[in-house]
Amino acid sequence: STGRAAAFGIPRNLVEVPLGPELGRFKEPLNHLYRFGVSRPELFPGGRDAGATALKQGISRLLGLRLDYYALVDLAGFEDQDIFAH
């Protein structure tokens with residue numbers, strides 16, 4: 001009813017995500033952008049988590065939407081194979 005997106009998904013293997021005039025396009029798959037942002041925080045100022053800021057900026061430019069929030073999900077629990085044993 002507001003005309004705004006509430007939630008959406010982006011393919012994690014998407015390439016050529018625009019990062020802006022200074023940085024150009026991210027040549028690796030989108031799921032590598034978080035780690036790139038963490039490794040180069042000086043390129044993505046303005047947030048507590050440079051990886052999340054990189055993703056928000058890239059996806060915002062890609063879709064032409066302002067992103068106010070994000071959800072970061074840690075899937076480390078899936079590394080434990082015993083959770084599927086039951």
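How many aromatic pairs does the structure hold? It holds two aromatic pairs, and the views below start with them. Please keep in mind that this is a predicted model, in which local features need pLDDT of at least 70 and side-chain atom pairs count only at pLDDT 80 or more, while totals for chains, interfaces and linings use all residues. Residues are numbered from 1 along each chain as its sequence is written, and side-chain values use heavy atoms, with hydrogens and water left out.

**View 1. Phe26 and Phe36 form a tilted aromatic pair.** Rings of Phe, Tyr and Trp (its six-membered ring) pair if their centres lie within 6.5 Å; planes under 30 degrees apart count as stacked, over 60 as edge-to-face and the rest as tilted. Here the rings are 5.3 Å apart, centre to centre, with 45° between the planes. Phe26 belongs to strand S2 and Phe36 to helix H1, so this pair ties together parts that are ten residues apart in sequence. (Helices, H or I with at least four residues, and strands, E with at least two, are DSSP runs numbered from the N terminus.) Is Phe26 buried or exposed? Phe26 is buried, because its relative accessible area is 6%. Phe36 has 25% and is partly exposed. The words follow these cut-offs: buried is under 20% relative accessible area, exposed is over 50%, and partly exposed is in between (1.4 Å probe, protein chains only).

**View 2. Phe36 and Phe44 make an edge-to-face pair.** The ring centres of Phe36 and Phe44 are 6.1 Å apart and the planes stand at 80°, so the pair counts as edge-to-face. Phe44 is buried, at 1% relative accessibility.

**View 3. Glu16 and Lys27 meet in a salt bridge.** A salt bridge is a side-chain nitrogen of Lys or Arg within 4 Å of a carboxyl oxygen of Asp or Glu. The structure holds three of these salt bridges. For Glu16 and Lys27, the distance from N to O is 3.5 Å. The pair links distant parts of the chain, eleven residues apart: Glu16 is in the segment before strand S1 (17–20), and Lys27 is in the loop between strand S2 (24–26) and helix H1 (33–39). Lys27 is exposed at 59% relative accessible area, whereas Glu16 is partly exposed at 31%. Look at the backbone of Glu16 too: its phi is near 65°, a positive value in a residue other than glycine.

**View 4. Arg40 and Glu42 meet in a salt bridge.** The N to O distance is 2.7 Å. Arg40 is partly exposed, with 34% relative accessible area, and Glu42 is exposed, with 52%.

**View 5. Arg66 and Asp68 meet in a salt bridge.** From N to O, the distance is 2.8 Å. Arg66 is exposed at 65% relative accessible area, while Asp68, at 38%, is partly exposed.

**View 6. Phe8, Leu62, Leu63 and Leu65 make a nonpolar surface patch.** Its area is about 310 Å². Patches are made of residues with over 30% relative accessible area and no salt bridge; nonpolar side chains (Val, Leu, Ile, Met, Phe, Trp, Tyr) are joined within 5 Å, and like charges within 9 Å. Accessible areas come from the Shrake-Rupley method with a 1.4 Å probe; for residues, only the protein chains shown count as cover. Leu62 sits in helix H2 (residues 50–63). With 34% relative accessibility, Leu62 counts as partly exposed.
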